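Me: I have a structure open here and would like to talk it through with you. Could we begin with the overall picture and then go to the details?

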Amino acid sequence: MLDAASARQEDLRVLDHRREIVPDWFQRERMVGYVCYVDKFSHTLAGLERHLDYLNELKVTYLHLMPLLQPRPAPNDGGYAVVDFRAVDSRLGSMDDLEHLAGELRARGISLCIDLVVNHTAAEHIWARKALAGEVEYQSFYFTFPDRSLPDAYERTLLDVFPSFAPGSFSWVPDLQAWVWTTFNDYQWDLNYGNPNVFLAMLETMLFLANRGIEVMRLDAVPFIWKRLGTDCQNQPEAHLLLQAFRALVRVVAPAVAFKAEAIVPHHQLVQYLGKGERERTECDLAYHNQLMVQLWSGLAARDAALMTHALMAMPSPPQQTSWVTYVRCHDDIGWAVSDLDAAAAGFNGFRHRRFLNDFYAGRFPGSFARGALFQENFATGDARISGTAASLCGLEQALEVGDALLIDQAIRRLVLLYSVVFSYGGVPLIYMGDEVALRNEHSYEKDPALADDNRWMHRPFMDWDAAARRSDLNSVEGRVFSEFCRLVEARQRVPALQAAGSVTPLWTDNGRIFAYVRAHPRAGQFLGLANFGDGPESCDARILAEARLSDPQLALSSDGRLDVRDGRIHMPPLGCLWLVDR
Ligand code: GLC
């Protein structure tokens, strides 16, 4: 820590000081995130620097570059099997390029976020190679078992993450004559944090990256970092203690750095990653709001706002100094985290609803507009998840094939509707690369044997710069979508009540298709968001304005440019959204 602190560069120290003065920097309404794969967006890190103006057009302040540390050769789980945490994937550039890019971004007010896989390394990482070479010290970096007795005992309560292409959580490694713990693929070896040297090695990695100018670390697969027999080995108390310790120590050296937890877990467990345990502690600063994402897709398919209102009402609020990242799509599949209890409360059968969502988004439910695919269908449990780009899941692919202007219009409205909630629910909204120009599913991965069995690649397309070049042509699909995104960004940045430290509460409306949510901030005032999940015009009782404590409501955003209140009701266009603030 001392070494890292003394090596920290002047401009980063300035940033440290600024952030000590303004600790809520990542909670501000100006925050707009963008997520992309470097190779898919710009081939290289140097190439990315040529597209910074594009990011400025979207007023991006936070850039998450998907895994870019040196991975093993494919297959490498999209870069999540790292052989060297201190080197950049040589196809993308060098560590110097990364440092340079971080500086360029910082100068534009854009914080760089990268993935740090804390749960595992590639089987080819130097630590694993030393373990294979017989170094006992490094064998204890991982979990190894001479026979199946303990693995079998653990597997009684473990869940399968990749049941179809990597069933089980242990892999036999002949060179070790042992079973190695591999939660994900057989080439991803789980690290053993019971060994303090693992903690120290990871801390060194974090400090190294912080000093290269990384401002946000996305800690991949954190729920899995502590194992306990008889449990699902996720969200263990020790995992939280480790994160609290990492956070505290990194902050001593680099106060500018924020941690983002990648924890796709039930909500009472999720908020613990933001430090809300039995007692509040400082842990991660940011975490993915998976539930919001899932509920938005569920609502879109069912034309229903009741289930999301119910489920999101039950969601505990995160500690005041933390924030969600909110998103419509990411590089992973969509798992239907709709609980049986929430479903029942809204009049649905949980199991049947989840099956409906899979059928609907796989495009095999009668009348479905979506073009997606099932991911990891588990024949034992009946579970499955969904792959597909946001635009394809919203119906654009189908609409363009049919060539029907009305269907195209609806698909665009759906995409914008989902993003309108994500931009105003509270937290850092993320634009997943290509959504701003409505990129559809890509199928080129099917021809690559290293990727073919993982259909998540269908929603990890290459940036289509020709399509993006049409973004200012308002007659093109790209232009229509891009201009709507710009409208959302600009509207968001004008609404102080979207500061993440405020609270968010879903409200019941008297119309089961209209989702309503209030944001309240002690200094920045009230905000009411409305989103119509119905395909037709809908209205709700205007008394909701008073309930949201908006005495003199003013329009911050409206899909048809107006606030239409007649006969005591707020009228909304099909798939429309409305943002209102205090005057
Ligand atoms: C995270 C990533 C996912 C990856 C897994 C294993 O969940 O988002 O893409 O497969 O970790 O590293």
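Reply: The protein chain has 583 residues, for which a compact globule would have a radius of gyration near 25 Å, and its 23 Å agrees with that; the radius is taken over C-alpha atoms, and the globule rule is 2.2 Å times the number of residues to the power 0.38. This is a predicted model, in which local features need pLDDT of at least 70 and side-chain atom pairs count only at pLDDT 80 or more, while totals for chains, interfaces and linings use all residues. Residues are numbered from 1 along each chain as its sequence is written, and side-chain values use heavy atoms, with hydrogens and water left out.

Me: What does the secondary structure of the protein chain come to?

Reply: The protein chain has 22 helices and 26 strands, where helices (H or I, at least four residues) and strands (E, at least two) are DSSP runs numbered from the N terminus.

Me: And how many of the 583 residues count as buried?

Reply: Of the 583 residues, 61% count as buried, with buried meaning under 20% relative accessible area, exposed over 50% and partly exposed in between (1.4 Å probe, protein chains only).

Me: OK, the ligand. Which residues surround the ligand?

Reply: The ligand is surrounded by Asp77, Tyr80, His120, Phe162, Phe184, Gln188, Arg218, Asp220, Glu262, His331, Asp332 and Arg456, each having a heavy atom within 4 Å of it. This shell divides into three nonpolar, three polar and six charged residues; Ala, Val, Leu, Ile, Met, Phe, Trp, Tyr, Cys and Pro count as nonpolar, Asp, Glu, Lys and Arg as charged, and the others, Gly among them, as polar.

Me: What lies 2.8 Å from an oxygen atom of the ligand?

Reply: That is a polar side-chain atom of His331. The side chain of Asp332 has an N or O atom 2.4 Å from a ligand oxygen, and for the side chain of Arg456 the corresponding distance is 3.3 Å. Taken alone the ligand exposes 310 Å², and the protein buries 94% of that, with areas from the Shrake-Rupley method and a 1.4 Å probe.

Me: Switching to α14: why is it largely enclosed?

Reply: Helix α14 (residues 306–313) is largely enclosed by the rest of the structure because six of its eight residues are buried, namely Ala306, Leu307, Met308, Thr309, Ala311 and Leu312. The cover over these buried residues includes the helices α13 (290–302) and α16 (350–361) and the strand β20 (514–521).

Me: Where is Gln291 found, then?

Reply: Gln291 is in helix α13, and it is buried, with a relative accessible area of 6%. Leaving aside neighbours within four places in sequence, Gln291 is in contact (heavy atoms within 4.5 Å) with His267, Ala311, Leu312, Met315 and Ala337. A polar atom of the Gln291 side chain also lies 3.0 Å from the backbone oxygen of Ala337.

Me: Last one: is Asp552 buried or partly exposed?

Reply: Asp552 counts as partly exposed because its relative accessibility is 35%, and it lies in the loop between α22 (544–547) and β23 (553–558). Beyond its neighbours within four places in sequence, Asp552 is in contact with Val581, Asp582 and Arg583. The side chains of Asp552 and Arg583 are joined by a polar contact of 2.7 Å, meaning a pair of N or O atoms within 3.5 Å, of which, within protein, one must be able to donate a hydrogen and the other to accept it, and residues adjacent in sequence count only if both atoms are side-chain atoms.
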